[in-house]
Amino acid sequence: MAHGNHDALYSQLAARGVTRRDFLKFCGSIATLMGLAETAIPQIAAAVEAAALTPRAPALWINGGACTGCTESMAQGMTPDVATVVLDLLSLNYFETVMMAQGGPEMIPGYQEGVVEAKPELTAEGAIKTMLEEGGYILIFEGTVMTGFGGNALRIAGKSQTEELPEICKNAAAIVAVGSCAVDGGWVAARPNPAEGKGIQQFCKDEGIATPVINLPTCPVNPEWVVAMVIDVLLLGQLESGAILDKLDDFGRPSLIFGQTIHDNCPRRGHFENGEFVYEFGSAEEAKGYCLYAVGCKGPQTFTNCPIVRWNDGASWCVESGAPCIGCGNANPLSPGGNWVDVGAPFLNRMPDLPIAGTTFQPSTIGAAVGAVAAGALLVHGIGMKVAGRMDGGAPYEDVRAHDRKKGGGK
Amino acid sequence: MAHPAHYREAHPMVFVLTHWINLIAMVSLAFSGFYIHYPFFAGFMGVARGMHFFFMFVLIINLTFRIIAAFFVKSAVSLGSREVDTDIKNWLPQKANRHQFLAWIKYYLFMKKDHPLGAKYGVLQKIAYIATVPLTFVMAYTGFSIWGPTMDWSFFSAGAGWVGGYMYMRVIHYFLMWVFIVFTAIHAYLANVEGFAPSGLIFAWKESEGLHFDKEGNPAGGKAH
Ligand code: HEM
Ligand code: HEM
Ligand code: HEM
Ligand code: SF4
């Protein structure tokens, strides 16, 4: 029987161009992301098998306000990587973006003409309903929760998302927030944030929902992390024992993935230490592949393993392809205004613009202004001291303190 | 001509040394800090960071030593006096500093003609010196919060979360540098504007004659001239 299961999984994988070898190699890299030894590979493979072959998918993917880039990152239409295929097996892709046309029964061809009988379980709406009733699924949430405009910034099938979301979150066993928007609102929640966007963790907190949230920031998310976390949650006992939550950092991110800065593992780091910088794009320094610090690289304070896992099936990643890191992995789920755009923009400057009195200033402008005012004040004061003739030893001392004089003292 | 005498008892040798070390550390940290903030010439980042990471420990150890020494070393009770007492008593507000805050402000704003009486230091001077202590520790806290080896200690990472992330911790660290620069500018200006005798003492341990004061901060033998 177990053997039959193996074959079933591998034939499903093979049908999508993933060999048994690819799959096991992938399980190996997942083990690394989860902090497990190679000996855990069979355990991971077994967890995927078990989950993929149950009648009901363990995971559900829901979109909030987003550019859909995370979906794109997963989908990679031309050459789906192993992660995508595995996630396909594990999740009910209730992508509102791609499944809209399947909405209710009226969308089934022939239904409205009365030719076809309504089978609710065949529709996206029907499938999600069953899942919600049964509960215990992993909710993969992409995008910002947009609470502004009475929740009307995002309406699905006649309802606002903020109306539906509490139930979806409450019945989930765990929420995996994919992409910075889901984590803390991301760029959708950047100043001035008209849609009043927030991350799913903040939303749950505000709604009094206790479902654990695993945050996977970056814009877009890295598919390998998503699968690693879904499997991590699936591995028996992780959730019940709280083991999975122990692996998260202060921002609810898996510490193994978000524990080191980009700068720590950057291939340009040697140039940084040598003081070899790109000061301008299109320059000879850029052609030499120098460090991008002076054009605003946020690598030193951005915690992700991008340089190791890389993107698009390990092809490359931002800094390697020549762009300074813009810090999309910076996340502050429970601190509004902490999203990576507010923290990082303008991206080609080292420091963010600070909003003061209705406009924004660079910290160095503020610093220099304060320094200049102080220098000017001292200069003016110095002239005053000269005029008052105090330069040479100061004015003569008072003979008694004003306070003592008032008290009638004095000598 | 009305400046007090500057005797070595005011700044015993240890404090001349701590002040020198502090000055060198501060200048090195500010210079390397400016460079780390924006590498304005090529080829120096490794050295700049090395400098910064070395002098940040020098600064903290020096300050800690200065504070401990204050409880053991005796220094003059007021400028222009050779009478000594435990330094910390002279460093913190003294009885002779009371009720003089407004007088000092008025004096510096040219609204009062004669020089206010002080103690070991004047009121504003004491506020500024005392403020450098927590300020340096806050500087160290913000610095260790963005330093690789310590940034993930929960004591530091909690602060980073609180201010909105490591980038803002850097912004705060950077602003604090300007606070130190402004402090030092005002401090160096005021220390020297009425003559170089104070600097002669704190840097070269050179004594100079002048008015004498008693331990209540009043001119010794009656009126000042
Ligand atoms: C603040 C919110 C948003 C902004 C500023 C924004 C902006 C944009 C822009 C500038 C485009 C390109 C349009 C073009 O090709 O001419 C675009 C396309 C798109 N947006 Fe958004 N968008 C937002 C929210 C969303 C949301 C919430 C969704 C879905 C849930 C979404 C889904 C899409 C899709 C699927 C496309 C591609 C359309 C196409 O290829 O024709 N967007 N968006
Ligand atoms: C007191 C102990 C201090 C500690 C522990 C400390 C630590 C640090 C660290 C770890 C960095 C980041 C270096 C890097 O990532 O390469 C840094 C940057 C910096 N430090 Fe300090 N520092 C201290 C004192 C000072 C002082 C006294 C000044 C100036 C008066 C200063 C000015 C700066 C500046 C301007 C930066 C650059 C910040 C940026 O643009 O990101 N630091 N410091
Ligand atoms: C431009 C360089 C500096 C000059 C010319 C200078 C000058 C002086 C002078 C003349 C005194 C003795 C004051 C008196 O006896 O009335 C003094 C004391 C002091 N200075 Fe500076 N200073 C400099 C830099 C600094 C810096 C960078 C700091 C700290 C950030 C600092 C902190 C102090 C403190 C705390 C004292 C009190 C003495 C003690 O605690 O031992 N100074 N300084
Ligand atoms: S390019 Fe960015 S991450 Fe890489 S070494 Fe330079 S500053 Fe660090």
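This talk goes through a predicted model of two chains and the iron sites in chain B.

A word on conventions. Residues are numbered from 1 along each chain as its sequence is written, and chains are lettered from A and ligands numbered from 1 in the order in which they are written. Because the model is predicted, local features need pLDDT of at least 70 and side-chain atom pairs count only at pLDDT 80 or more, while totals for chains, interfaces and linings use all residues; side-chain values use heavy atoms, with hydrogens and water left out.

I will start with chain A. Chain A has 18 helices and 11 strands; helices (H or I, at least four residues) and strands (E, at least two) are DSSP runs, numbered from the N terminus. Of the 411 residues in chain A, 52% are buried. Buried means under 20% relative accessible area, exposed means over 50%, and partly exposed is in between, with a 1.4 Å probe and protein chains only. Among contacts in chain A with a separation of 6 or more, 70% are between residues 24 or more positions apart; a contact means heavy atoms within 4.5 Å.

Next, the nonpolar cores. A nonpolar core is a set of buried Ala, Val, Leu, Ile, Met, Phe, Trp, Tyr and Cys residues joined through side-chain atoms within 4.5 Å. The largest one has 63 residues, and those that touch the most other members are Phe23(A), Leu216(A), Trp225(A), Val226(A) and Ile231(A). The biggest contribution to this core, 8 residues, comes from helix H11 (residues 223-234) of chain A. Domain 1 (1-54) and domain 2 (56-256) of chain A both supply residues, so the core lies between them; these bounds come from an automatic or database domain assignment. Take Val226(A): not counting residues up to four places away in sequence, Val226(A) touches Met74(A), Leu87(A), Ile140(A), Val178(A), Leu216(A) and Val221(A). There is also a second, separate core of 25 residues, which includes Val343(A), Leu29(B), Tyr168(B) and Trp178(B).

Leu87(A) brings us to helix H5. Helix H5 (residues 82-90) of chain A is mostly covered, with 8 of its 9 residues buried. Among the buried ones are Val85(A), Val86(A), Leu89(A) and Leu87(A) itself.

Some backbone details in chain A. Arg191(A) and Pro192(A) are joined by a cis peptide bond, with omega about 0°, and Pro192(A) sits in the loop between helix H9 (179-184) and strand S8 (197-198). Cys219(A) and Pro220(A) are also joined by a cis peptide bond, with omega about 0°; here the proline is in the loop between strand S9 (213-216) and H11. Thr68(A) is not a glycine, yet has a positive phi of about 70°. Thr68(A) is in the loop between strand S1 (59-63) and helix H4 (69-75) of chain A.

Now the interface. How many residues does each chain give to the contact? Chain A gives 51 and chain B gives 58. The area buried between the chains is about 4,900 Å², and carbon and sulfur atoms give 62% of that. Buried area here is the accessible area (1.4 Å probe) that two parts lose on being put together, summed over both. On the chain A side, Tyr397(A), Glu398(A) and Arg401(A) lose the most area to chain B, together 18% of what that side buries. Gly382(A), in helix H17 (residues 363-387) of chain A, is in contact with Met391(A) and Tyr189(B), leaving aside its neighbours within four places in sequence. Gly382(A) counts as buried because its relative accessibility is 9%.

Last, the iron sites. Which residues hold the iron atom of ligand 2? They are His52(B) and His173(B), both through NE2 at 2.0 Å. Donors are N, O and S atoms within 2.8 Å of the metal (3.2 Å for Na, K and Ca); water is not among the atoms, so sites may look incomplete. The ligand 2 site is octahedral, with angles of 85 to 180° among its 6 donor atoms. Six donors count as octahedral if opposite donors are over 155 degrees apart and all others between 65 and 115. His52(B) lies in helix H2 (residues 45-70) and His173(B) in helix H8 of chain B, so the pair ties together parts 121 residues apart in sequence. Both histidines are buried.

The iron atom of ligand 3 is coordinated by NE2 of His19(B) and of His187(B), at 2.0 Å. His19(B) is in helix H1 (residues 13-37) and His187(B) in helix H8 (residues 166-193) of chain B, 168 residues apart. Buried or partly exposed? His19(B) counts as partly exposed, at 22% relative accessibility, and His187(B) counts as partly exposed, also at 22%.

Definitions and conventions:
Tetrahedral: all angles 85-135°; square planar, octahedral: opposite > 155°, others 65-115°.
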